[in-house]
Amino acid sequence: MSDCRPPLASPSRPRHALPPGACDAHCHVFGPADVFPYAEGRSYTPPDAPYQAMAALHERLGVERAVVVQANCHGSDHRALLDALARSAGRYRGVALLGADATEAAVSQLHDGGVRAARFNFVPHLGGAPDPAVFDRVVALIAPLGWHLCLHLDGAMLPELLPRLTALPLPFVVDHMGRLKAGDGLESPAMRALLDLSSVPQAWVKVSGIDRISSGKRPFAEGLPFVRALAEALPDRCLWGTDWPHPNVAGDMPDDGELVDLLFDACPDAALRQRILVDNPARLYGFE
């Protein structure tokens, strides 16, 4: 029995055409549970959102590439992720969840399957900050392979974490705009911390989760100034993603076609969109 709502069954088609090679740099695959069971002790149980549904959505949106992020509900069992990457025939890359039991052999297998990053959750509802020793061990395992870190955190945590992050021997990506709150304004400490990443060469930001920073009502337009400001501050280190199938959304379920159009509203400059949608993810994730 799932405790999350499913994504919209028929999202709209975007009004705008995505450029060739456009990448959804943050999405998830869930199950199907009868093939890829969910983890024991998980913090939530989603409805199935299998590879076929994800691929169909991307075709509808005009997305050619994607980065599939391992979700908490699958824990350290990456079979569903690796299956999706294999079926994509090179169009998808992956982000793993690695813990204290991670081994060099397991990481090598993930790399061969198309994984290029490891994710750590710092947010309280997904268990809070990782054990520092585990964090350091994972970094040591993945850095030689040219991977990077994806960090799911509250932007207000950045000033405290930044000295440690800037000392890392690899790039890091802040997911979902640091889960800032649009209602706090563009001058909030969380937003200032994100904008300050423009001076940190190994720092990247995903302008995904616009619904999560907004009041919860479609079309989430109050998030547009934040997407615009981050895209302009980090034009060569900014990524975009849908966050499909939108697990644990509290407000309106996002329409993924509208999310594409919101990016065009936030970034009317075609050259900037080309960087965010095509060039930047190709460089970071190693797409051809």
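These legends walk you through close-up views of a predicted model.

In this predicted model, local features need pLDDT of at least 70 and side-chain atom pairs count only at pLDDT 80 or more, while totals for chains, interfaces and linings use all residues. Residues are numbered from 1 along each chain as its sequence is written, and side-chain values use heavy atoms, with hydrogens and water left out.

**View 1. A buried salt bridge between D175 and R119.** A salt bridge here is a side-chain nitrogen of Lys or Arg within 4 Å of a carboxyl oxygen of Asp or Glu, and by that rule the count is eleven. In this one, the closest N and O atoms of D175 and R119 are 2.8 Å apart. D175 lies in the loop between β6 (172-174) and α6 (189-195) and R119 sits in strand β4 (residues 115-121), so the pair ties together parts that are 56 residues apart in sequence. (Helices, H or I of at least four residues, and strands, E of at least two, are DSSP runs numbered from the N terminus.) Both D175 and R119 are buried, meaning under 20% relative accessible area; exposed is over 50%, and partly exposed is in between (1.4 Å probe, protein chains only). K206 joins R119 and D175 in a network of salt bridges.

View 2. D136 pairs up with R164, with the closest N and O atoms 3.2 Å apart. This pair links distant parts of the chain, 28 residues apart: D136 is in helix α4 (residues 132-142) and R164 in helix α5 (residues 158-166).

**View 3. L98 in the largest nonpolar core.** A nonpolar core is a set of buried Ala, Val, Leu, Ile, Met, Phe, Trp, Tyr and Cys residues joined through side-chain atoms within 4.5 Å. The largest has 87 residues, and L98, I142, L149 and L197 have the most contacts inside it. Leaving aside neighbours within four places in sequence, L98 is in contact (heavy atoms within 4.5 Å) with H78, V107, L110, A118, F120, V138, I142 and W147. A second, separate core of 14 residues includes A25, C150, L239 and L284.
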